Amino acid sequence: MKIDGETKVVGLIGYPIGHTLSPAMHNRAFEYLDLNYLYLPFPVKESNLKEALRALPALSVVGVNVTLPYKERVLEYLDEVSEEAELTQAVNTILVKDSRLIGYNTDGKGFVTSLKKGAEFNPRDKKVVIIGAGGASRAVSIGLAKEGVEKITLIDIVFNKAQSLASHIAKNISKVEVAAVKEEGLGKEVREADILINATPLGMKPDDSLPIDPKLLHPNLLVYDLIYNPSKTKLLSEAERIGAKTLNGIGMLLYQGALAFTIWTGREAPIEVMARALKEELKTQVS
Ligand code: NAP
């Protein structure tokens, strides 16, 4: 990789960001297309967030991804935000243009694209159950609502969180039925659902319990776990065992990255190359 005075810098702001797969994915794509860009991790402590963002135009940085814990917090420092970012109230991609910071959220669209490409699943008019109502759930549920799903059912350990996300979607996106349920109401919703999404961190650790009673799963479901490491969570193993279709979160990571790549470079992202880089990088992290 050539680095010289013309190299354009992009990167990732978060804290901590030790295990990120994004540098491998983007740098491989830049190399493949022979683009003089470099993707760097920027671990930024909370007390430095404002200064770090202010420094981006000063350093001629082209753009950054934003990850935990700053996706919501960066909003107040931006000059402009896209419709998706405004609706989601979270930003995962910033473009520096004419010294202005423009915020985007590619997580929701990235998720929807992964459904269409990874499982040939068109969410229009489908019924969706989402477990967890945190940041990832917000991006995914808004992405699905904009895509014309018939119904979204949300459940979270903290019922109020599910309820407030449900009313936010209902208020801002028309024609979609949204409901928040408690555990006793979940069975009926899953029986009628086409897709079940785990948007909780349950499944990342080997001794985690399942996010849902596996007896509720059925073969007509597509079960999507947003977790990608491990690549097959207990939930996905249970779903596979009963004959349901499954997807893990690697596709969402890939397509949100591909959309960010295009925002920064104006070029179509080389999906296959990026997917391969992710796979290889994950392998090295697991072993
Ligand atoms: P988060 O903000 O912590 O949200 C998770 C939510 O789920 C919280 O509200 C949590 O409640 C709730 N929850 C936990 N256990 C639950 C259970 N058993 N039943 C119902 N709700 C439960 O986390 P996040 O940032 O949204 O991330 C969620 C997952 O998505 C993580 O595994 C993350 O790695 C993954 N993710 C993947 C991608 C991708 O590109 N594939 C992108 C973003 C996130 P409490 O807060 O009370 O615990």
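Predicted model: local features only at pLDDT ≥ 70, side-chain atom pairs only at ≥ 80, totals over all residues.

Met-25, His-26, Ala-29 and Phe-30 supply the helix 1 side of the contact, and they meet Leu-253, Leu-254, Gln-256, Gly-257, Phe-261, Trp-264 and Thr-265 in helix 9. I sorted these residues by type: seven are nonpolar, four are polar and none is charged.

Next I checked the geometry. Helix 1 covers residues 22–32 and helix 9 covers residues 250–265; they pack at an angle of about 50 degrees, with axes 10 Å apart. That angle makes helix 1 oblique to helix 9. I noted the crossing of helix 1 and helix 9 as right-handed.

I then turned to helix 4, residues 107–119. Helix 4 packs against helix 9 at about 120 degrees, and their axes are 7 Å apart. Helix 4 and helix 9 are therefore oblique to each other. Their crossing is right-handed. From helix 4, I listed Asp-107, Lys-109, Gly-110, Phe-111, Thr-113, Ser-114 and Lys-117. From helix 9, I listed Gly-251, Met-252, Tyr-255, Gln-256 and Leu-259. By type, the contact of helix 4 with helix 9 has four nonpolar, five polar and three charged residues.

Last, the ligand. Which of the 21 residues around the ligand come nearest? I found Ala-136, Asp-156, Lys-161, Leu-226 and Gly-249. I looked up polar backbone atoms too. One in Ala-136 is 2.8 Å from a ligand oxygen atom. One in Gly-135 is 3.2 Å from a ligand oxygen atom. For Leu-226, a polar backbone atom is 3.0 Å from a nitrogen atom of the ligand.

Definitions and conventions: Residues numbered from 1 in each chain as written. Heavy atoms only, no water. Axes fitted to C-alpha atoms, helices over the stretch in contact; angles between N-to-C directions. Helix = DSSP H or I, 4+ residues; strand = E, 2+ residues; numbered from the N terminus. Parallel < 35°, antiparallel > 145°, perpendicular 65-115°, else oblique. Left-handed = near helix turned anticlockwise from the far one by under 90°. Contact = heavy atoms within 4.5 Å. Nonpolar A, V, L, I, M, F, W, Y, C, P; charged D, E, K, R; others polar. Near = heavy atom within 4 Å. Polar contact = N/O pair within 3.5 Å; in protein donor to acceptor, adjacent residues only side chain to side chain.
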